[in-house]
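Good morning, and thank you for the time.

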Amino acid sequence: MSKTKIWVALICLLLVFYLVVMVQRSFTLMFVSPEWQAKVMGAAYFLVPLVAAWALISEVLFGARTEKLANILESEGGLPVDNLPRTPGGRIIREAADAEFEKYRLEAESAPDDWRSWFRLSCAYDAAGDRKRARKAMRDAVGMYRAG
């Protein structure tokens, strides 16, 4: 198990502990306290762990599905090679990432139903610094893989 997975598991455990405590506190407010304001606050307080649990589960599933696709591409030899030039601090040089991006954009446009091209496009977006579009492209790749 990698260090990253250990840290993710630790953070998930801490979040689950926090959510359990929040649920316990919300029940205390809803059922023990006699004031109606405390009951309303307890009910509202109960919604926070539900939303947090949904977010945690969806992000862990996204990570697991992304890792599965990466492993498939790696076994096929289809992962993009990380050979972009970097600054002394380790950041990818933006102009090089933008030039490399075009290759993956054209690939995705020519094969719009291939999850592999969308996975590589997601990696290109990430290298270019556009995390929002990278996540969207990766979600599209996961959706295509699961549908096909």
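In what follows, contact means that heavy atoms lie within 4.5 Å. Please keep in mind that this is a predicted model.

Let me begin with the secondary structure. The protein chain holds five helices and zero strands, so that the pattern read along the sequence is α-α-α-α-α.

How far does the chain extend? Along its principal axes, the C-alpha trace spans about 65 × 40 × 30 Å. The radius of gyration is 21 Å, whereas a compact globule of 148 residues would have one near 15 Å.

I turn now to burial and surface. Of the 148 residues, 25% count as buried. The chain exposes about 10200 Å², and carbon and sulfur atoms supply 66% of that area. As for charge, there are 20 positive and 17 negative charges, and their mean positions are 7 Å apart.

The contacts within the chain deserve a word as well. Among those between residues at least 6 apart in sequence, 49% join residues at least 24 apart.

Is Ser-33 buried or exposed? Ser-33 counts as buried because its relative accessibility is 15%, and the cut-off for buried is under 20%. Which residues does Ser-33 touch, leaving aside its neighbours within four places in sequence? Ser-33 is in contact with Thr-28, Ala-38 and Lys-39.

Technical notes: Residues are numbered from 1 along each chain as its sequence is written. This is a predicted model: local features need pLDDT of at least 70, side-chain atom pairs count only at pLDDT 80 or more; totals for chains, interfaces and linings use all residues. Side-chain values use heavy atoms; hydrogens and water are left out. Helices (H or I, at least four residues) and strands (E, at least two) are DSSP runs, numbered from the N terminus. The radius of gyration is taken over C-alpha atoms; the globule rule is 2.2 Å times the number of residues to the power 0.38. Buried means under 20% relative accessible area, exposed over 50%, partly exposed in between (1.4 Å probe, protein chains only). Accessible areas come from the Shrake-Rupley method with a 1.4 Å probe; for residues, only the protein chains shown count as cover. Lys and Arg count as positive and Asp and Glu as negative; His and the chain ends are not counted. The place of a charge is taken as NZ of Lys, CZ of Arg, CG of Asp or CD of Glu.
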